[in-house]
Amino acid sequence: MSEAPIYLEVVLPNATARGWTYSAPESARPQVVPGARVRVRFAGRLVVGYVVRAGVAPPEGVKVSPIEAALDEGEPTFTPRMVEFVQWVARYYRAPAGEVFRGAHPGGTNEQSVRWASLTDAGAQALSAGGLEPVDVARLTPLRGGPLREDALTPAASDAVLKRLVRLGWITREVRVEAPRVAVKTERCVQAMAPAPTGGRARKRDALVAWLVGRGAVPVREVRAEFPQATPWIRELVDEGVLAETQTEVIRDPFFGEAVPRDTPPALTAAQRRAVTAALDARGYKGFLLHGVTGSGKTEVYLHIIEAALARGQGALVLVPEIALTPQLVRRFRARLGDAIAVLHSGLSDGARFDQWRRLRRGEVRVAIGARSGLFAPVRDLGVIVVDEEHDPSFKQGDGVRYHARDMALVRGHLEGAVVVLGSATPSLESYYNCQKGKYTLLEMPERVDDQKLPHVR
């Protein structure tokens with residue numbers, strides 16, 4: 001008896017605003033929940049889409065295509081709350097939901113569908129016989145060396161031109177799925193599976209086994225640093241079953257090996273205490289505008305609120321303008337919160353950003369600091385969102401989906417039940433107006449720390 005399918009609404013990372021219906025076998029239900037990625041065929045190409053609903057009714061009179069594969073093992077890429085948030089952003093900005101999903105996921109981590117062209121025997125004969133148009137000769141000649149990606153053909157050929165070459169029987173076309181450009185980084189490790197040898201004639205490699213016992217999985221590079229002649233010994237010991245060989249995930253260091261000593265929180269001023277108390281007394285979502293003059297200690301307020309959220313088992317998200325996301329700022333947060341924070345900025349490689357995203361998604365770290373795109377960081381149990389320098393125009397995305405990270409931080413806070421603190425020495429007019437209308441609560445810190453004088457302004 002054939003298995004009854006389930007039907008999914010899938011959004012795609014293209015200009016289509018609507019969702020598309022695909023089917024999946026009932027056995028795949030755990031892997032095709034909302035937020036999961038699936039590979040589907042669309043307009044002759046294989047693309048990665050995002051499930052937004054499962055168990056929908058199939059459209060009448062339409063043959064529904066099956067998904068090609070479910071791509072998420074274990075948890076889906078996006079949590080239910082993130083699915084709700086991404087769809088809210090798409091509706092508000094009239095943007096294709098698939099494009100917002102793709103932008104919310106680390107770049108380079110989805111597989112790609114690429115078209116390839118191959119020369120047929122008839123095409124090779126036509127080339128040898130001569131008499132072809134020069135432009136066709138230029139396109140077909142490189143294919144003598146084997147199949148090529150269509151975007152590598154010179155001169156560039158449109159889809160219509162390539163279809164003509166197929167009709168003439170000179171080339172064939174196929175779609176290939178290429179692995180993601182960014183992947184999990186691993187390194188080779190070994191682990192002792194037996195106690196160190198005792199008795200009999202000691203061999204040099206016995207010292208290596210004794211050193212590994214009780215250490216768990218140890219990177220081979222560390223073993224070689226301790227035992228320079230270890231390479232043949234490792235091979236022998238693995239073959240004999242004394243050592244087990246594994247691949248262990250490596251997290252790319254976002255701090256580039258720099259150590260930062262922990263600091264001691266200073267005593268708060270009266271204005272700082274009032275701001276911290278107001279934020280901590282909030283239950284669930286509430287928006288605040290922290291209007292503090294330069295040097296009034298807004299960052300210290302942020303840190304106290306975040307520490308309180310962490311003590312409650314919640315996470316925190318800090319958004320700053322890209323120009324303000326400096327090593328000095330990151331050091332300030334590390335000095336107070338330690339290295340259990342994720343940093344998301346343009347100075348990191350795609351692989352390092354992917355590592356930070358995964359650590360947040362798994363709950364290994366609970367604080368994220370990032371620029372505009374950090375809005376979509378998968379912080380678990382989000383309890384507080386801080387938008388520093390909320391007036392800065394760089395929070396507005398200038399291309400693609402043109403969202404405003406400050407405004408959407410408030411939306412995400414509302415959906416997640418989190419406190420949102422907008423901080424600035426020169427608040428934007430719209431934020432100040434929202435305080436007057438009662439949408440936000442205004443917190444003011446008009447004096448600098450230690451009564452330092454403000455510079456004279458003319």
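Is Glu389 buried, partly exposed or exposed, and what is its relative accessible area? In this predicted model, in which local features require pLDDT of at least 70, side-chain atom pairs count only at pLDDT 80 or more, and totals for chains, interfaces and linings use all residues, Glu389 is partly exposed, with a relative accessible area of 26%. Residues are numbered from 1 along each chain as its sequence is written, and side-chain values use heavy atoms, with hydrogens and water left out. Buried here denotes a relative accessible area under 20%, exposed one over 50%, and partly exposed the range in between, computed with a 1.4 Å probe on protein chains only.

Glu389 is not a glycine, yet its phi is positive, at about 55°, and the residue is placed in the loop between β17 and α13 (405–416); helices (H or I, at least four residues) and strands (E, at least two) are DSSP runs numbered from the N terminus. Asp381, likewise not a glycine, has a positive phi of about 50° and is located in the loop between β16 (367–370) and β17 (382–388). Asp381 is exposed, its relative accessible area being 54%.

Two packed helices are described by the angle between their axes and the distance between the axes. Axes are lines fitted to C-alpha atoms, for helices over the stretch in contact, and angles run from 0 to 180 degrees between N-to-C directions. Helix α1 (residues 80–92) packs with helix α2 (residues 97–104) at an angle of about 125°, the axes being 9 Å apart. That angle makes α1 oblique to α2, where angles under 35 degrees count as roughly parallel, over 145 as roughly antiparallel, 65 to 115 as roughly perpendicular and the rest as oblique. The crossing of α1 and α2 is right-handed, a term that applies if the near helix is turned clockwise from the far one by less than a right angle, anticlockwise being left-handed. From α1, Val83, Val86, Gln87, Val89 and Ala90 meet Ala97, Val100, Phe101 and Ala104 of α2, contact meaning heavy atoms within 4.5 Å. By class, this contact of α1 with α2 has 8 nonpolar, 1 polar and no charged residues, with Ala, Val, Leu, Ile, Met, Phe, Trp, Tyr, Cys and Pro taken as nonpolar, Asp, Glu, Lys and Arg as charged, and the others, Gly among them, as polar.

Within α2, the buried residues are Ala97, Gly98, Val100, Phe101 and Ala104. Viewed down the axis of α2, these residues fall within an arc of 160°, so they line one face of the helix; the arc is that of the directions from the helix axis to the C-beta atoms. The buried residues of α2 pack against β1 (5–11), β4 (45–54), α1 and α12 (350–361).

In helix α8 (residues 230–239), the buried residues are Ala230, Trp233, Ile234 and Leu237. Their arc around the axis covers only 100°, which puts them on the same side of α8. The buried residues of α8 pack against β10, α6, α7 (220–226) and β12 (243–249), and just after α8, Gly241 takes a positive phi of about 85°.

A further helix pair is formed by α9 (residues 270–281) and α10 (residues 298–311), whose axes come within 10 Å and cross at roughly 35°. The residues of the contact of α9 with α10 divide into 7 nonpolar, 2 polar and 1 charged.
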